[in-house]
Amino acid sequence: MAKATKAIRQALHHPPQYAAYFAANQVLFNRVVAFYFDCIQAHEGLLALKNKEALTALEKLTHGTGANPHPIMPLTDLAPDIPAMFRRAAINAALGSARAFSSSLKTWRARKEKHEAKQTRSGGKKKPFKERPPVPPRSWNKSVPFYASLWRERHTHCIVLKVWTGSCWSWLKVHLLGRDLPDGYAMGSPQLVRKGDRWWLHTPIEKTFEAPAKSGEQLTTAQTRLCAVDLNLDKHLAVCSVQTVDGTILATSFIGNGTAVSGCRKQLLGRIARNRSQTGIIAENEQDNADLWAKIRHVDEQIAHQVSARIVQFASEHKASILVFEHLGNLQPEKGTYSRRSNTKRAYWMKGRMFRYATYKAWHAGGIITCRVNPRNTSRECHRCHAAVVRYNQGHPVEGYTPGAALCLCPQCQMRDHADRNASLRIGQRLIERMQEPQKEKPPPAVRCASRVSKETGVGTSQDAKRQMGPSLPAARRGDQTNGHGTAQGRKRRMGAPLPDIASQLRVHFE
Ligand SMILES: [Zn+2]
C-alpha cells in the first residue's frame with residue numbers, strides 16, 4: 001500500500017482573549033517538553049528503547065498512580081493536573097528532540113575521533129579539533145499537538161479544544177476558516193500553530209491507496225496513458241497532451257496565460273527598481289519594498305499552484321497514470337534591465353515550482369507517478385517522424401527555426417501543429433522510447449551481452465533519459481565485457497549509453 005500525506009492549514013477565528021490562552025497553553029507545553037528532555041538526559045538508557053517503551057518508562061519516572069505512588073521526578077512539581085494526553089504529546093516531542101540531539105552528538109564524536117586518529121597517525125604538528133559540539137536546545141518553541149481527548153466536536157468550521165488558559169484547563173470553541181478537510185483521508189492530531197500574531201490549526205491528513213506499478217512496468221502495457229507536459233515561460237505556461245504507449249494521441253490542453261503573468265511580474269519588478277533608484281540607498285537587514293515583493297511572491301505561488309492543479313486535473317480526467325516532464329535546463333543569464341533579468345529568473349523558478357507541486361498533487365490524485373526526460377531538442381523534432389521541424393510565427397515565412405514561435409511544420413512528413421503541442425508529444429514519446437528501446441526483439445548474438453546490460457540501465461534505478469546523450473563505450477572495449485560482466489555492468493550503469501550501433505539497430509525496429 002502507498003501513502004499520501006499532507007497538512008490542511010486553517011486560520012482560526014476566535015474572541016481576542018483566546019490568543020493569550022493559546023500562548024499560555026504553548027508556554028506550559030514547552031515547559032513540560034523541557035522537563036522531559038532533562039529527564040531523558042538524566043536517564044540516557046531511555047533512548048535505547050522504542051518510543052512506546054520509553055514513554056511508559058518516562059511516565060513511571062514522573063507520574064504518580066496507585067501502583068506507583070512516589071515517582072522519582074514528579075511532574076506535579078511543575079504543574080498540577082496536566083491531562084494525560086497533553087503529557088504524552090510532550091513526552092513524544094521531547095523524545096524526538098532528544099533523539100535528534102543524541103544522534104548529532106554521536107556524529108560529532110565520531111568526527112572528533114576520526115580527526116584525532118588522523119593526527120596521531122600523521123605525527124608532526126597537531127591541529128586541534130575546532131568543530132563545536134552540538135548543544136541541547138536552549139529555548140523551546142514547539143507547537144502544541146492536540147491528541148484525541150484534547151479536542152472534540154470537530155465540524156467543518158469549528159472545533160472545541162482543551163487549553164490551559166494560565167489559570168485552569170478549559171474547553172474553548174473556535175471557528176475555522178479556510179478549506180474543509182477533503183474526503184477519503186484519515187485525520188491525524190491537529191496542531192495549534194502561531195504565525196505572527198495569528199493562530200492556525202494544522203491538521204495532518206493521510207490516505208492510503210494501492211501502490212502504482214513502477215513506470216518501467218506500466219510502460220510495457222500498450223494501453224497505459226501518459227500525460228506529457230511542456231512547461232514554457234511565455235504564452236501557454238503548460239501544454240499537456242495525453243497519449244497511450246502505442247502512440248495514440250488522445251487529448252491536448254493549453255494551460256495558463258504566461259504573457260499576462262510575466263507582464264504583471266515585470267511591472268512590479270520595474271516599480272521596485274524605480275523606487276530603489278529614487279531612494280538611492282537600501283537599508284541593511286531590512287526588506288525594501290516589502291509589499292511589492294510580497295505581491296510578486298504571492299502571484300508566483302498562486303500561479304504555480306493553479307497551473308499544477310490544472311495539469312493534474314487534466315491528467316486524471318483522461319486517466320493518465322504517468323506524468324512526464326522534461327528536466328529543467330540551466331538558467332540562461334540574460335542581458336537587459338533589472339526587471340527583465342529578474343523576471344526571467346523568477347519565471348524559471350516558477351517552472352521548477354510547477355513541477356514540484358504537480359508531482360505531489362499527482363501522487364495525491366490516486367498515485368499518478370512523475371518522470372522526467374532529457375529536454376534536448378524536444379521542440380525541434382517532429383513527433384511523427386523525428387525530423388527537424390521548421391518553426392515559424394503566423395504570417396511569417398515558413399523557414400528556419402524561430403525559438404518561441406507558435407507554429408511548426410515538418411518538411412519531411414508535412415506535419416503541421418502548434419509547436420508546444422509537438423514538443424509535449426515528443427516529451428511523452430521520449431519516455432516511451434527510453435523504456436522500450438532495449439526490450440525489443442532479441443538482438444543478434446554478437447551484441448546480446450551489451451544489450452542485456454543496457455536493458456538494465458534503461459529500466460533500472462534511473463528515471464532520467466540520459467542514454468542517448470551519455471558517452472558511448474569505445475568499440476574495442478566490447479571484448480572485455482563478455483568476460484567480466486560484473487565490471488561491465490558497473491561501468492555501463494555509470495556510462496549509461498549503449499553502443500551507438502546497437503542503439504540504431506534497435507531503433508529501426510521501433511520506428
Ligand atoms: Zn515529420
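Reply: What follows looks at one strand and its partners, and then turns to other parts of the chain. The model is a predicted one, and its protein chain has twelve helices and 16 strands. Of the 511 residues in this chain, 29% count as buried, and among contacts between residues at least 6 apart in sequence, 67% join residues at least 24 apart.

The strand to examine is β10, which spans residues 238-244 and is mostly covered, since six of its seven residues are buried. One of its partners is strand β9, residues 225-231, which runs antiparallel to β10 and is joined to β10 by seven bridges. Within this pairing, Cys-227 stands opposite Val-242 of β10. The hairpin that β9 and β10 make has six residues between the strands, and in this hairpin Lys-235 takes a positive phi near 45°.

β10 also pairs with strand β11, residues 249-255, again in the antiparallel sense, here over six bridges.

For the surroundings, consider another set of strands, an open sheet of three in the order β14-β15-β16 with antiparallel pairing. Its edge strands, β14 (390-392) and β16 (416-418), each pair on one side only, and neighbouring strands of the sheet are turned by 25° against each other on average, direction ignored. Three bridges connect β14 with the antiparallel strand β15, residues 407-409, and Arg-391 stands opposite Cys-408 in β15. Across β14, β15 and β16 lies helix α8, residues 419-436, which runs at about 90° to β16.

Helices also meet one another, as with α6 (residues 290-317) and α7 (residues 338-364), whose axes come within 8 Å and cross at roughly 45°. Angles from 65 to 115 degrees count as roughly perpendicular and those under 35 degrees as roughly parallel, so α6 and α7 are oblique to each other. Their crossing is right-handed. Among the residues that make the contact are Ile-303, Val-307 and Ile-311 of α6, together with Met-350, Met-354 and Tyr-357 of α7. By class, this contact of α6 with α7 has twelve nonpolar, two polar and four charged residues.

Definitions and conventions
Residues are numbered from 1 along each chain as its sequence is written. This is a predicted model: local features need pLDDT of at least 70, side-chain atom pairs count only at pLDDT 80 or more; totals for chains, interfaces and linings use all residues. Axes are lines fitted to C-alpha atoms, for helices over the stretch in contact, and angles run from 0 to 180 degrees between N-to-C directions. Helices (H or I, at least four residues) and strands (E, at least two) are DSSP runs, numbered from the N terminus. Angles under 35 degrees count as roughly parallel, over 145 as roughly antiparallel, 65 to 115 as roughly perpendicular and the rest as oblique. A crossing is left-handed if the near helix is turned anticlockwise from the far one by less than a right angle, and right-handed if clockwise. Two residues are in contact if their C-beta atoms, placed from the backbone, lie within 7 Å. Ala, Val, Leu, Ile, Met, Phe, Trp, Tyr, Cys and Pro count as nonpolar, Asp, Glu, Lys and Arg as charged, and the others, Gly among them, as polar. A residue is buried if 20 or more other C-beta atoms lie within 10 Å of its own, exposed if 12 or fewer, and partly exposed in between; C-beta atoms are placed from the backbone. Two strands pair if DSSP finds at least two bridges between them.
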